[in-house]
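Have the 3D view ready and follow along.

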Amino acid sequence: MESGVSRSPYLAPGWSPRPDAEATLFCLPYAGGSATAYSQHSAVFPAGVDVCPIQLPGRHSRLTERPYVDPAEIAGTIAGLAVRPYALYGHSAGAWIGFEVLRELRRRSARSPVRLVVSAAVPPDERDEWCHRVVGYRDPDLVAELVSLGGLRPEVVD
């Protein structure tokens with residue numbers, strides 16, 4: 001960050017730009033996830049990639065804040081740091097956030113990322129049948145559906 005630029009709360013605690021990096025990868029967490037989900041990613045990327053996890057309100061170091069997602073605020077943070085090529089990466093709900101952040105960057109005519117990389121999400125123009133099916137479920141039916149997927153410990157189900 002240039003001197004005189006205030007630190008955005010969207011930047012993961014302890015993160016600061018690496019001046020030697022050739023590109024930045026802004027990582028957007030899944031629903032309920034925090035920037036810590038990406039804390040080990042720097043170790044697996046080449047030295048030229050600066051991994052910048054985004055910390056959303058209501059999570060980890062921002063736990064006392066009301067949880068919400070404002071793509072315009074995130075876009076403002078990213079636009080302020082976009083001094084070199086960058087990409088957006090979002091997993092699950094982070095993919096949707098990344099899509100909306102990209103739309104906001106374009107509305108502002110800000111520097112665009114070289115890539116938007118997403119995982120575990122359907123494209124915005126496709127319907128997620130499972131989500132649409134379970135949205136009206138009552139609690140017992142939703143619990144039964146989640147149990148049918150497997151992987152839930154009994155104490156979580158209880």
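Start with Arg107, which makes a salt bridge with Glu104; their closest N and O atoms are 3.1 Å apart. Keep in mind that this is a predicted model. Both residues sit in helix α2 (residues 93-107), and they are three residues apart, about one turn of the helix.

Are these two partners buried or exposed? Arg107 counts as exposed because its relative accessibility is 53%, and the cut-off for exposed is over 50%. Glu104 has 14% relative accessibility, so it counts as buried.

Now look at Asp50 and Arg84, whose side chains form a salt bridge with an N to O distance of 2.9 Å. Asp50 belongs to strand β2 (residues 49-53), while Arg84 is in the loop between α1 (71-81) and β3 (86-91), so this pair ties together parts that are 34 residues apart in sequence. Asp50 and Arg84 are both buried.

## One more pair, and the total

Next up are Glu65 and Arg62, another salt bridge, with the closest N and O atoms 2.7 Å apart. Glu65 is partly exposed, at 30% relative accessibility. Arg62, on the other hand, is buried, with a relative accessible area of 5%.

How many salt bridges turn up in a search of the whole structure? The search finds eight, including the Asp50 and Arg84 pair. As a general idea to take away, side chains of opposite charge can pair when their charged atoms come close.

Methods: Residues are numbered from 1 along each chain as its sequence is written. This is a predicted model: local features need pLDDT of at least 70, side-chain atom pairs count only at pLDDT 80 or more; totals for chains, interfaces and linings use all residues. Side-chain values use heavy atoms; hydrogens and water are left out. A salt bridge is a side-chain nitrogen of Lys or Arg within 4 Å of a carboxyl oxygen of Asp or Glu. Helices (H or I, at least four residues) and strands (E, at least two) are DSSP runs, numbered from the N terminus. Buried means under 20% relative accessible area, exposed over 50%, partly exposed in between (1.4 Å probe, protein chains only).
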